[in-house]
Each structure stands twice: as structure tokens, then as C-alpha cells.
Amino acid sequence: MHKKSLNKIALLTCALFVTVISTTNADNLDKIIKSPVTLWLNDKEHSLSNEFDLYNINGSTYVPLRDIVEQLGGAVYYDSKSSNISIHLPKASEKYSSTSSIHNFDDFTLELHSSKSSYEENENMNIWASLTYRGAEKIDFIHGSPALSFSITDQDGVKEGGYTTASAIKTEFDTGNQVTSDFPLRTILEYNYRKSGKPDYNLFLANPDSDPSYLPPGDYSIKVNASFLKGEGIVNQKNANAEIKITVK
């Protein structure tokens with residue numbers, strides 16, 4: 001966090017935020033104000049969706065936990081039966097892969113790796129991807145968000161993920177420059193929601209049959225897509241995919 005220093009930051013889910021406000025003593029309501037702070041994640045300014053506001057309650061600034069954790073590639077799970085909140089974040093670890101897919105195209109190399117080809121049930125997956133520029137000349141690398149998008153397809157053909165915004169982010173790329181990304185846990189949440197058949201995503205998160213941050217047993221295909229412009233103009237459009245197979249026991 002930079003640009004603005006905060007005395008204290010408290011992270012909580014939207015559900016908790018409502019609880020805090022509703023249970024605050026009426027005499028202290030004049031101490032609840034919208035906070036003008038700006039959020040920064042990994043040195044990049046972070047814009048919250050329109051459904052969220054930041055509030056300062058008795059000197060502490062409250063921000064939506066789920067939104068921020070998902071922006072960091074993690075997932076938040078609230079168990080309404082036990083009133084427990086679980087936070088899953090990709091673990092910072094050395095990257096050793098046992099299964100990989102490498103695709104060379106144009107002046108680029110797209111790689112997709114997994115530390116294992118077979119995971120146990122309720123085990124966090126360690127999957128990551130990278131796009132490396134091998135050309136000799138500097139270029140404008142223009143892409144949406146995220147630059148690398150992941151999707152998952154199960155043995156029954158049910159697919160989730162692969163979404164990216166159309167916003168044009170321009171970065172100057174030199175030889176050896178690279179974009180890296182970890183498989184987002186949110187994709188697993190959305191896959192489990194799709195499989196559940198429940199009509200409302202928030203209702204699903206509040207009342208899942210099991211922790212939706214893990215994949216159920218089965219065989220899966222994990223794909224990463226890189227779609228970008230190598231310089232201005234649609235004629236410079238580049239698309240590439242890499243795919244691996246994993247099993248959850």
C-alpha cells in the first residue's frame with residue numbers, strides 16, 4: 001500500500017461489513033464515514049467495483065476482503081454453518097513442475113506448468129504460466145486484463161474461466177521481458193458454482209455443499225490463453241494456448 005498511509009486497515013467480507021454496521025451502537029453512528037483512501041495492490045492502483053464503498057469506522061478503514069483476495073489470485077469461503085471464514089492464497093514457493101506445456105510462436109514462448117500431475121482431494125493446486133518475448137526489437141505489448149487467462153474443463157466437458165476484459169494496457173517489451181501468472185483460485189469457485197446448479201452465486205458461496213475452493217475428484221484440462229497485440233493495429237493480433245492435464249484423486 002502506498003500513496004496514502006493508513007493508521008489501521010481492517011479486512012473483512014461484505015457480510016461481515018454489514019454485521020459491523022448493523023451492530024454498531026447508535027450513539028457512534030457519527031463515527032462511520034466514507035473513506036477517501038486509494039487502494040494499491042502490488043504497486044498498482046486498485047479500483048473497486050461499483051457495489052463497494054470504503055468506510056472509516058471509529059478510526060479504522062474497512063475494505064472488502066473478498067474483492068482484494070480474488071485480485072491477488074486467492075479465494076474466500078464463508079461457512080454459514082460454523083461461521084468460519086477461510087482464505088486461500090497461492091503459496092509463494094519455488095517453482096518445480098512435473099507436467100508442462102510449452103508453445104513457441106512468432107517471437108514469443110507461452111509456458112504452462114503444474115507442480116504435480118495428480119493432486120489429492122482438498123489439496124491446493126500449484127499451477128502457473130508465463131509469456132516471454134524473444135524478439136530482438138522493442139515492441140508495444142498491448143493486452144486486456146488479465147494478460148494470461150486460465151480456464152478449466154472437466155471430464156464431462158463442463159468448462160469455466162477464460163475471461164478477460166477488453167481494456168488496452170500498453171507495455172514496452174524488450175528481449176527477455178516476461179508476463180507471469182498463477183492459476184486463479186476464483187476459477188475453481190466459479191467452476192464449482194456452475195456444477196452446483198444453484199441460481200445465485202452469493203447464495204452458493206454462503207451455503208455450499210463443501211469447501212468450493214477445491215476441485216472435486218476427477219480428470220481436468222487446464223488451459224492458458226494469451227491474446228494480445230504486438231504493436232498497434234488488429235493486424236498485429238496474436239493468440240496462443242497451452243494446455244495440461246491433471247487429476248484430482
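**Entry 1: Ser130.** I began with the neighbours of Ser130: leaving aside residues up to four places away in sequence, Ser130 touches Thr109, Leu110, Glu111, Leu148, Gln178, Val179 and Thr180. I was reading a predicted model here. Next I looked up where Ser130 sits, and found it in strand β12, which covers residues 127–133. Is Ser130 buried or exposed? Its relative accessibility is 7%, and buried means under 20%, so Ser130 counts as buried.

**Entry 2: confidence.** The protein chain has a mean pLDDT of 79, with 77% of its residues at 70 or more. Over residues 1–26 pLDDT stays under 50, and the model has 38 contacts for them beyond four places in sequence. I made myself a reminder: where pLDDT is low, predicted coordinates should not be read in detail.

**Entry 3: helix α3.** I moved on to α3, residues 185–196. With 12 residues at 1.5 Å each, the helix should span 16 Å; I found its end C-alpha atoms 17 Å apart, which agrees. Which residues of α3 are buried? I noted Leu185, Thr187, Ile188, Leu189, Glu190, Tyr191 and Asn192. After α3 comes Gly197, with a positive phi near 75°.

**Entry 4: the cavity.** Last, I looked at a search of the whole structure, which finds 1 cavity of 30 Å³ or more. The largest cavity has a volume of about 60 Å³. Its lining has 13 residues, and those nearest the centre are Glu123, Met125, Ile188, Tyr214 and Leu215.

Key: Residues are numbered from 1 along each chain as its sequence is written. This is a predicted model: local features need pLDDT of at least 70, side-chain atom pairs count only at pLDDT 80 or more; totals for chains, interfaces and linings use all residues. Side-chain values use heavy atoms; hydrogens and water are left out. On a 1 Å grid over the protein atoms alone, a cavity is a set of points where a 1.4 Å probe fits but cannot get out, and a pocket is an open set with protein on both sides within 12 Å along at least five of seven lines; lining residues have an atom within 4 Å of a point. Grid points are joined across faces, edges and corners, and a volume is the space filled by probe spheres set on the points. pLDDT is the predictor's confidence in each residue, from 0 to 100. Contact means heavy atoms within 4.5 Å. Helices (H or I, at least four residues) and strands (E, at least two) are DSSP runs, numbered from the N terminus. The expected span of a helix is 1.5 Å times one less than its number of residues. Buried means under 20% relative accessible area, exposed over 50%, partly exposed in between (1.4 Å probe, protein chains only).
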